[in-house]
Amino acid sequence: MKICITSTGNNTESLVEKNFGRAPYLAVYDTVSEEFTFLENKNMNLPGGVGPKTAQMVIDSQAEVLITGMIGDNAKNVIDAAKIRIIKTGTDKSVKVAASEFESENSA
């Protein structure tokens with residue numbers, strides 16, 4: 001399973017980014033390989049339509065779960081249509097901690 005986490009930077013110690021559409025990076029964590037891949041969000045500085053374009057990046061990453069601080073309605077509609085689960089979380093933790101918490105809460 002792949003998990004996409006909005007990130008303030010391009011490493012696992014970066015904090016979870018509050019703003020989905022304008023997140024500088026998307027961290028994609030593969031729970032099988034336990035590896036992170038960081039995608040630069042080149043849409044973040046566009047004047048409009050940022051959320052849906054960033055949502056398309058999440059879809060293209062093949063993530064099944066999105067972890068972010070907050071997400072606007074337009075982006076949420078795109079993510080919902082792709083049947084990707086959205087988890088809103090606090091932004092006071094690193095990307096690595098957010099991924100670890102998800103795994104702990106969803107292991108059976």
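**Salt bridges and annotated domain**

The model is predicted, with local features requiring pLDDT of at least 70 and side-chain atom pairs counted only at pLDDT 80 or more, whereas totals for chains, interfaces and linings use all residues. Residues are numbered from 1 along each chain as its sequence is written, and side-chain values use heavy atoms, with hydrogens and water left out.

The side chain of Asp 80 forms a salt bridge with that of Lys 76, at an N to O distance of 2.6 Å; the criterion is a side-chain nitrogen of Lys or Arg within 4 Å of a carboxyl oxygen of Asp or Glu. Lys 76 is likewise partly exposed, its relative accessible area being 33%. Both residues belong to helix 2 (residues 73-81), where a spacing of 4 residues places them about one helical turn apart. Helices are DSSP runs of H or I with at least four residues, strands are runs of E with at least two, and both are numbered from the N terminus.

In total, 2 salt bridges are present in the structure. Lys 93 and Glu 101 are also joined through their side chains in a salt bridge, with 2.8 Å from N to O. Lys 93 is buried at 15% relative accessible area, while Glu 101 is partly exposed at 32%.

An unreviewed UniProt entry lists residues 13-102 as "domain: Dinitrogenase iron-molybdenum cofactor biosynthesis"; such annotations may be inferred rather than shown by experiment, and their positions follow the numbering used here, with feature names shortened.

Key. Buried means under 20% relative accessible area, exposed over 50%, partly exposed in between (1.4 Å probe, protein chains only).
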